[in-house]
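Subject: The structure we talked about

Hi there,

Here is the structure I promised to pass along, with some notes below on what turned up in it.

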Amino acid sequence: MGGPSEPASTHLPQLRLDDLLDELQARLDAARGTRDRVHSLLEAVLAVGRDLELTQVLKHIVESAVELVDAEYGALGVIGEDQWLSQFIPVGLDEQQIRRIGPLPSGHGLLGELIRHPEALRLADLSQHPSSYGFPAHHPPMHSFLGVPIRVRDRVFGNLYLTEKRGGGEFDAEDESVLATLAVAAGVAIDNGRLYAQARLRERWLAASAEVTNGLLSGLPQQEVLDLLVARAAEIVGADLTVVALPSETSAELEVRLAVGLGAEAHCGLVLPLEGSFMGAAVQTGGLVTSTDVQKDPRITAGPPRWEGLGPAVAVPIGTVAGGVRGVLMLARAAGRPVFESAESAPLMGFAGQAAVAMELAQRRRDSEQVALLQERDRIARDLHDLAIQRLFATGMTLQGAVRFIEHPEASERVLRAIDDLDDTVKTIRSTIFGLRARKGGQAGSGLRARVVAAVERASRLLGFAPALRMEGLLDLRVPPPLADEVIAVLEEALSNAARHASAHVVEVALVVDGELALTVTDDGVGLPDGGQRSGLANLAERAARLGGSFQTGAGTRSGTRLTWRVPLPEAGGAEPGSP
């Protein structure tokens, strides 16, 4: 017979003890897991707050979120001022996958749901949500979804999107709570990053303004200053196209003086009306104008098609202290790139304003130098008239009186030739005096020499620099008024062509009167297009042919174009202007 069986009552305490131990172990594991997760959350909060560069902050936020809730994929969408996603930062996809998928999301479908309703959203299968309409080709499959908004000072900055809980499960309430906590810390970190970015941006704008101002006040040519203005503005805001336009003579149009970047060739040399152009809108409003898509902007109705491949754009007038406009600065980004946020475009007004003040001060300095130059010309003219001409006349009269004492015929002939040379020298000096004393609206200012100087000065505003000018011969004595009108018309057309089409940095003008009149305009620009003609050159050839002359085009000495316009002069004669 076997021994007595063990009472059942002894098994009950043992079972209860095992259950209690298992429950205690489970709770300890849960507490340990919660402790580890809280610790991970604190580390994530510290990590996202460690950087000040906004781009790095956003990247760390997504990486921390993916790790905290154990997700396969994550992304952070930044909401722009137009309530669409201006940035989308994915995690979990490599560069090759991103390229195969195509353009990043802009805020349609389920992602737009969080923009319209900024509240936490948790789904077991995102494809079942009414706002979901599927994935593009080559997109990895995604099922579980968790999204929370990120707020910065009571404004929704963007949203965190997490998909595909590892292990095939669903995101739970604890995941949502952890992610919401991270979003609060992310909002603080983003705010700090934005403030830091704005401070750095202001610092860069101030440095650029100081550089432009120093360039203008140190006497740099206006074209070099415009180049500097364009380079710094494009660099700071990351523009793909930068354009500077200046008012025309009538101020009713804008002439594009400089275009650099994507599609610049379509903008160079354009003359645009104020009404119907994007830059004209900046002049008319007197302030900054922006466009989310310049290709479809309703304000652009004039000019040839020129916006292909471009998207967001901003334009700002370069004003004057008196309220006028010295020009317009326009910046544009390629299609698909972020729009110009107010934080980065607002400093443009101050930048353009400082540039305008510096340009005005530089203009005053140039005016002062011009006055000093004219005064010096007056002094030289007086000295030439009172000293050089009088001495030459005295020498000529002495030689004339000595001729009758010379018996040798050859010697007498030589002295007579010397007297004639002295007369020609007096005429040349007198013509030079007239040029030195040229004044706008004055009697002498109507001579050809003065009109040529005025035409070159007008062209310097279009070119951005002063062309080199050389004049030889008795311009005011030998060239009659009708022919002088023709010369000025030809010169203005040649300089206008150089300004609009040549993209030149050096222009040289030579006007020589010696048996015939020869006008030569040379530039170092892009040269003549295929076919050998720029617009307006046929007219110059017709003018020369009508006057019995010739017109030739060719390459300059180093590069660019040389235009030569020659016409015969009428027979010399007539009284000399003025007396000694």
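In these notes, a contact means heavy atoms within 4.5 Å. This is a predicted model, so local features need pLDDT of at least 70, side-chain atom pairs count only at pLDDT 80 or more, and totals for chains, interfaces and linings use all residues. Residues are numbered from 1 along each chain as its sequence is written, and side-chain values use heavy atoms, with hydrogens and water left out.

First, the overall picture. The protein chain has 14 helices and 16 strands (DSSP runs numbered from the N terminus: helices are H or I with at least four residues, strands E with at least two). Of its 580 residues, 41% count as buried, meaning under 20% relative accessible area with a 1.4 Å probe and protein chains only; exposed is over 50%, and partly exposed lies in between.

Now the cores. A nonpolar core is a set of buried Ala, Val, Leu, Ile, Met, Phe, Trp, Tyr and Cys residues joined through side-chain atoms within 4.5 Å. The largest one has 36 residues, and Leu448, Leu491, Leu511, Leu517 and Trp565 have the most contacts inside it. Elements giving two or more residues to this core include α11 (448–463), β13 (507–513) and β14 (516–523), while α13 supplies the largest share, with 10 residues. Leaving aside neighbours within four places in sequence, Leu511 touches Leu448, Val452 and Leu517, among others, and its contacts also include Arg470 and Glu472. A second, separate core of 29 residues includes Trp205, Ala234, Val237 and Phe351.

Two elements are worth a look in the viewer. Helix α4 (residues 109–116) has seven of its eight residues buried, so the rest of the structure largely encloses it. Among the elements covering those buried residues are β1 (71–79), β2 (85–91) and β4 (145–152).

Strand β6 (residues 241–247) is mostly covered too, with six of its seven residues buried. Strands pair if DSSP finds at least two bridges between them. β6 runs antiparallel to β7 (residues 253–261), joined by seven bridges, and antiparallel to β11 (residues 325–334), joined by five. Leu246 has Glu255 of β7 as its bridge partner, and Ala245 has Val328 of β11.

Finally, Leu217 is found in helix α5 (residues 173–217). With 40% relative accessibility, this leucine counts as partly exposed.

Best wishes
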